[in-house]
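User: Hi! Could you walk me through a few side-chain pairs in this one?
Analyst: Happy to, here it is.
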Protein chains: 2
Amino acid sequence: MKTTSLVSPTEILRKYNDTFDQPTFGDQYDKVYDGVYYFIRNEGKQIRPLLLMLACDMLGGDIDKALNPAYAIQMFHNSTLVHDDIIDKSEYRRGQLTVNKKFGRNTAIMAGDMMFIIAYEYLLNHSDNSNLHQILKIFNQTAVKIMEGQQIDLEFENRDHISEDEYLSMIECKTSVLIAASMEIGAIIAEASEQNCHHIYEFGRNIGIAFQIKDDWLDVFGSAELTGKKIGQDIVRNKKTYLFVKALQLANEEQKIKIDHALKQTDDNKKINKVLELYHELNIQGHTKEKMNYFYDKAFHHLALIDIDPYRKESITEITNQLYTRKK
Amino acid sequence: MKTTSLVSPTEILRKYNDTFDQPTFGDQYDKVYDGVYYFIRNEGKQIRPLLLMLACDMLGGDIDKALNPAYAIQMFHNSTLVHDDIIDKSEYRRGQLTVNKKFGRNTAIMAGDMMFIIAYEYLLNHSDNSNLHQILKIFNQTAVKIMEGQQIDLEFENRDHISEDEYLSMIECKTSVLIAASMEIGAIIAEASEQNCHHIYEFGRNIGIAFQIKDDWLDVFGSAELTGKKIGQDIVRNKKTYLFVKALQLANEEQKIKIDHALKQTDDNKKINKVLELYHELNIQGHTKEKMNYFYDKAFHHLALIDIDPYRKESITEITNQLYTRKK
């Protein structure tokens with residue numbers, strides 16, 4: 001096992017950001033790039049590339065070799081967000097207008113497509129031919145899963161009943177496989193053992209599910225001052241969150257009728273209050289925390305099984321906990 | 001140089017079609033695949049995979065090795081068409097409803113994305129690691145060019161003046177680079193020399209431009225009985241075709257005013273007739289034929305420079321001429 005010294009998350013993100021948004025591809029006079037650069041220059045939390053590079057570093061790999069795959073993962077993630085925003089008719093993302101809102105739907109479709117190609121281009125720039133095919137395979141399979149997840153999410157909008165398992169399987173596809181794949185790719189670049197690759201993947205998959213349930217939880221139980229968002233927006237939009245799915249699962253006939261009534265409320269505040277009332281009655285806060293913690297614990301069980309010196313796991317543990325306990 | 005016996009175009013397409021539309025990827029219960037399979041089962045002319053495999057065969061390669069890249073090229077082409085149809089709000093393609101019309105815009109966005117991933121998946125299934133990286137690079141660069149071309153085409157809609165060079169550069173990106181890349185990939189699989197790869201690429205690039213100008217020409221000068229389409233539809237839709245761009249380039253002030261007037265006609269037939277009148281005055285038919293022939297000749301100049309026994313070029317010559325003299 002390699003015992004290179006560890007690189008701090010701050011240093012990793014500095015390296016990553018020093019080069020990520022530099023125009024290095026295509027004909028810069030083409031307007032489709034306006035949409036691309038507009039979006040990628042406002043980067044969000046950069047969770048996936050950070051976790052990819054941290055995983056690589058933790059397992060003794062050279063983080064310089066992880067840069068191109070990290071760009072690829074983030075660019076692909078961005079590409080799915082741009083198309084998502086068209087599908088959801090979203091107007092804002094990361095505190096600015098969405099690409100569809102600013103440049104129009106057509107340019108947004110093409111900007112998303114372009115970002116997708118650029119993601120593959122970054123992968124091809126990855127110089128290590130010995131694992132390129134393996135990384136491309138993981139990348140592709142992950143992309144397929146994400147599209148499947150998107151489609152399932154879209155169908156949920158038109159369905160009354162969604163089981164807890166269906167919901168969990170949807171967020172696994174839509175959110176957590178990309179986090180899992182990021183970390184596995186980092187491990188592959190570090191030439192980690194098959195066992196360690198497996199455990200880091202499972203760590204990412206489970207923590208990704210926990211993150212998503214936490215997102216759902218924050219919408220309702222996060223404090224507005226801390227999240228910077230109005231609470232209950234998922235309720236207003238009738239979003240099928242973990243909380244909502246769980247509430248419907250636990251509700252008796254009378255409570256189901258109450259939920260139905262609540263959803264038909266046209267006044268947003270009344271709607272939020274009615275649904276919250278039911279959530280309290282059904283102890284949804286408790287059930288949701290329990291599920292989050294289940295996946296959180298499962299994730300750390302896999303991290304514990306990674307066969308390296310425990311001190312090397314400190315950075316990932318710390319960053320994960322920061323993300324998990326974040327207020328927004 | 002290899003001297004394997006040649007495979008007929010019919011046999012090539014049979015091989016190709018035997019396996020192309022078999023579900024071999026993803027979770028078939030996911031509805032996003034409905035859009036994918038709906039579109040790919042109605043295959044169109046399959047020009048690109050055919051030319052890829054013919055180029056491979058011509059240069060002595062094993063066409064079985066060309067199958068996965070041929071699927072990839074066609075799947076990618078399909079993916080761009082599905083997104084194009086959203087952008088153009090098209091209702092019909094290949095004689096059936098477009099994916100956006102049949103499944104809705106959101107599923108069409110995702111189906112296009114999915115086809116794009118599947119295209120890469122086919123490339124990864126290509127077993128020859130010695131040239132996979134090279135093929136992926138060509139594929140990516142081509143995809144980037146196509147997106148750039150799409151964006152330029154979109155911008156043309158909002159511009160009054162487009163130069164002939166701008167128009168030719170747009171169709172080169174949007175149409176001909178994919179034909180060129182298909183044939184170059186076929187040549188690479190056949191392990192052709194760098195010179196031969198270059199000439200087959202230039203053959204494809206130039207013949208692709210000739211094909212597109214021919215398409216523009218057929219809309220106006222093709223006979224309705226032979227093309228099966230009403231003539232002048234590009235005129236009705238104010239499409240910036242080669243004919244239109246050329247007409248504006250050659251028109252004097254008086255004729256420009258006439259074109260302006262014609263475009264403002266609300267009666268379709270009157271509009272077509274007015275524009276046709278101008279086209280006759282300016283000999284647009286003659287100029288367009290001249291330009292088509294220029295690119296056709298340039299293409300065959302490059303085919304002639306390919307250093308193989310001339311009889312091996314017969315199939316590609318024949319198919320190209322069939323496509324070039326086609327009535328629709």
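User: Is B:Glu91 buried or exposed, or partly exposed?
Analyst: B:Glu91 counts as partly exposed because its relative accessibility is 41%; buried means under 20% relative accessible area, exposed over 50%, partly exposed in between (1.4 Å probe, protein chains only). This is a predicted model, where local features need pLDDT of at least 70, side-chain atom pairs count only at pLDDT 80 or more, and totals for chains, interfaces and linings use all residues. Side-chain values use heavy atoms, without hydrogens and water.

User: Which residue forms a salt bridge with B:Glu91?
Analyst: B:Lys101 does, with the closest N and O atoms 3.6 Å apart. A salt bridge here is a side-chain nitrogen of Lys or Arg within 4 Å of a carboxyl oxygen of Asp or Glu.

User: And how many salt bridges are there over all chains?
Analyst: The count comes to 34.

User: What does B:Lys291 pair with?
Analyst: B:Lys291 forms a salt bridge with B:Glu164, at 3.1 Å between the closest N and O atoms. B:Lys291 lies in helix 15 and B:Glu164 in helix 8 of chain B, so the pair ties together parts 127 residues apart in sequence. Helices are DSSP runs (H or I, at least four residues), numbered from the N terminus.

User: How exposed is each partner?
Analyst: B:Glu164 is buried at 8% relative accessible area, while B:Lys291 is partly exposed at 21%.

User: Switching to helix 13 of chain B: which residues are buried there?
Analyst: B:Gln255, B:Ile259 and B:Ala262. The face turned away from that buried side carries exposed B:Glu253, B:Glu254, B:His261 and B:Lys264.

How values were computed. Residues numbered from 1 in each chain as written. Chains lettered and ligands numbered in written order. Helix = DSSP H or I, 4+ residues; strand = E, 2+ residues; numbered from the N terminus.
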